[in-house]
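Work through the exercises below with the structure open. Each task is followed by its solution in steps.

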Amino acid sequence: MPTHRLPAALLLHLLLSAALSSSLTDPNWEPATATWYGSPDGDGSDGGACGYGSLVDVRPLKARVGAVSPVLFRDGEGCGACYKVRCLDEGVCSRRAVTVIVTDECPGGYCSNGRTHFDLSGAAFGRMAVAGLGSELRDRGEIQVVYRRTKCKYARKNIAFHVNEGSTDYWLSVLVEFEEGDGDIGSMHIKPTSSEDWLEMKHIWGANWCIIGGPLKGPFSLKLTTLSTQRTLSARDVIPRNWSPKATYTSGLNFY
């Protein structure tokens, strides 16, 4: 009976894809603690340390936001990462995990001293409860939870680049939005129309990156490399020649 062997290059690609997928979606749950902030049924932070601004108040981020302790925030490189969080008190907690997106940092209090802690929006926190017991769960204050990393999913969204206020032809700052998959960014490069080389951008804070030089002339291509699995995506000429500060430019790509 004949056998069919996959080409070596295809087999290597499949093995690498499986390894990357398993490294991000680890089935093992890890222990942590959680609290909530904002209004009881609210969205949590107003903006947050990642720099997403008003995006946290609208879907798909709305009511899914979370502040995390420094061990998960990673000086802002953890921004955009997604986690499943589930509480453990069988008397008030359901078996349902809530998916949250890192949009903020909680540097002190429960989040200090190297602890792994989630400070969730009131809506996300209450969603872990048995139906009708959201208020009782919130009354518990700090609770024991388990968490695990999960892939980010933004239905019908592609990666977008917001040019931050204050950007000029000599200092260009960009906020990355709606990155599926890993959600986090390990490095970012830019290619101006006048350059044949990718120029490294500097991580300044949260999900914001910048380049200093100039004069910087568009259109600009941007290349992202994720922090968790080192996947790379390039968006060609995504920021146009006549770009302007405070404008958002959407690519036709995402990490599907």
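**Exercise 1.** Determine how β9 is joined to β10 and how the two strands pair.

Solution. In this predicted model, a hairpin of 6 residues links β9 to β10. Next, look at the pairing: β10 covers residues 199-200 and runs antiparallel to β9, with 2 bridges between them. Within this pair, leucine 199 of β10 lies opposite isoleucine 190.

**Exercise 2.** Find how many bridges join β9 to β13, and in which sense they run.

Solution. Strand β13 spans residues 220-225 and is antiparallel to β9, to which 6 bridges connect it.

**Exercise 3.** Is serine 187 buried or exposed?

Solution. Start with location: serine 187 belongs to β9, residues 187-192. Its relative accessible area is 19%; the cut-off for buried is under 20%, so serine 187 is buried. Then list its contacts beyond four places in sequence: Trp209, Lys223, Leu224 and Thr225. For the strand, 5 of the 6 residues of β9 are buried, so β9 is largely enclosed by the rest of the structure.

**Exercise 4.** Classify lysine 246 by accessibility and name its contacts.

Solution. Lysine 246 sits in the loop between β14 (232-239) and β15 (248-250). Its relative accessibility is 55% and the cut-off for exposed is over 50%, so lysine 246 is exposed. Beyond four places in sequence, it contacts His162, Val163, Asn164 and Glu165. The C-alpha atoms of lysine 246 and asparagine 164 are 5.3 Å apart, although 82 residues separate them along the chain.

Definitions and conventions
Residues numbered from 1 in each chain as written. Predicted model: local features only at pLDDT ≥ 70, side-chain atom pairs only at ≥ 80, totals over all residues. Heavy atoms only, no water. Helix = DSSP H or I, 4+ residues; strand = E, 2+ residues; numbered from the N terminus. Buried < 20%, exposed > 50% of the residue type's maximum accessible area, 1.4 Å probe, protein only. Contact = heavy atoms within 4.5 Å. Pairing = 2+ DSSP bridges.
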